[in-house]
Amino acid sequence: MFLVAAAMVSAWLITVAQLPGQVIALLEPLIGSPTLLMIAIMLLCMVVGTAMDMTPTILILTPVLMPLVRAAGIDPIYFGVLFIINNSIGLITPPVGVVLNVVAGVSKISMEDVIRGVWPFMLAETVVLVLLVLFPPLVTVPAKWFTG
């Protein structure tokens, strides 16, 4: 709950500083190309994911990025799936990597050994994320089976 409270305060501070408008202005030239915009957003999320846990990242970045995603005409379900996959990669990415810390603590293995063991999985998740960004129907077609 402390993380959620801190994330809400951070989100308020970000809003007061008008950061969403600045991010939109920075990424606005990419609105005409949804694929380039998604690549830029995923890179931003990957960088943020290396330093923050998943819950604060979602609470802070979603209100910032959703207006941009809507303006570009990107399906919100597609964006949500990619956003969550990207944040799950952040859970196993050093230096913060919450899951890495839990695994190292529970198994009493050094952090270096855990990181060495997780690299293939992180690489596989990143390849899947890239494929989903480049080929949106991989997400949108199955989603339509369940939503309508």
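Mentor: Let's start with a word you'll need: a residue is buried if its relative accessible area is under 20%, exposed if over 50%, and partly exposed in between (1.4 Å probe, protein chains only). This is a predicted model, where local features need pLDDT of at least 70 and side-chain atom pairs count only at pLDDT 80 or more, while totals for chains, interfaces and linings use all residues. Residues are numbered from 1 along each chain as its sequence is written, and side-chain values use heavy atoms, leaving out hydrogens and water.

Trainee: Okay, which residues of helix 3 are buried?

Mentor: Helices here are DSSP runs (H or I, at least four residues), numbered from the N terminus. In helix 3, the buried ones are Leu37, Met38, Ile41, Met42, Cys45, Val48 and Gly49. They sit on the same side of helix 3, because their arc around the axis is only 130 degrees; that arc is taken from the directions from the helix axis to the C-beta atoms.

Trainee: And what is exposed on the other side of helix 3?

Mentor: Leu43 and Val47.

Trainee: How many aromatic pairs are there?

Mentor: In general, you describe a pair of aromatic rings by the distance of the centres and the angle of the planes. Rings of Phe, Tyr and Trp (its six-membered ring) pair if their centres lie within 6.5 Å; planes under 30 degrees apart are stacked, over 60 edge-to-face, and the rest tilted. The count by this rule is one aromatic pair. Phe79 and Phe83 make a stacked pair, 5.3 Å centre to centre with 25 degrees between the planes.

Trainee: Where do Phe79 and Phe83 lie?

Mentor: Both are in helix 5 (residues 76-91), four residues apart, about one turn of the helix. Both Phe79 and Phe83 are buried, too.

Trainee: What about salt bridges: how many does a search of the whole structure find?

Mentor: You look for a side-chain nitrogen of Lys or Arg within 4 Å of a carboxyl oxygen of Asp or Glu. The search finds one salt bridge. Here the side chains of Arg116 and Asp113 meet, at 3.0 Å from N to O.

Trainee: How far apart are Arg116 and Asp113 in helix 7?

Mentor: An α-helix has 3.6 residues a turn, so residues three or four places apart point the same way. Arg116 and Asp113 are three residues apart in helix 7 (residues 111-134), about one helical turn. Arg116 is exposed at 55% relative accessible area, and Asp113 is partly exposed at 38%.

Technical notes:
Helix = DSSP H or I, 4+ residues; strand = E, 2+ residues; numbered from the N terminus.
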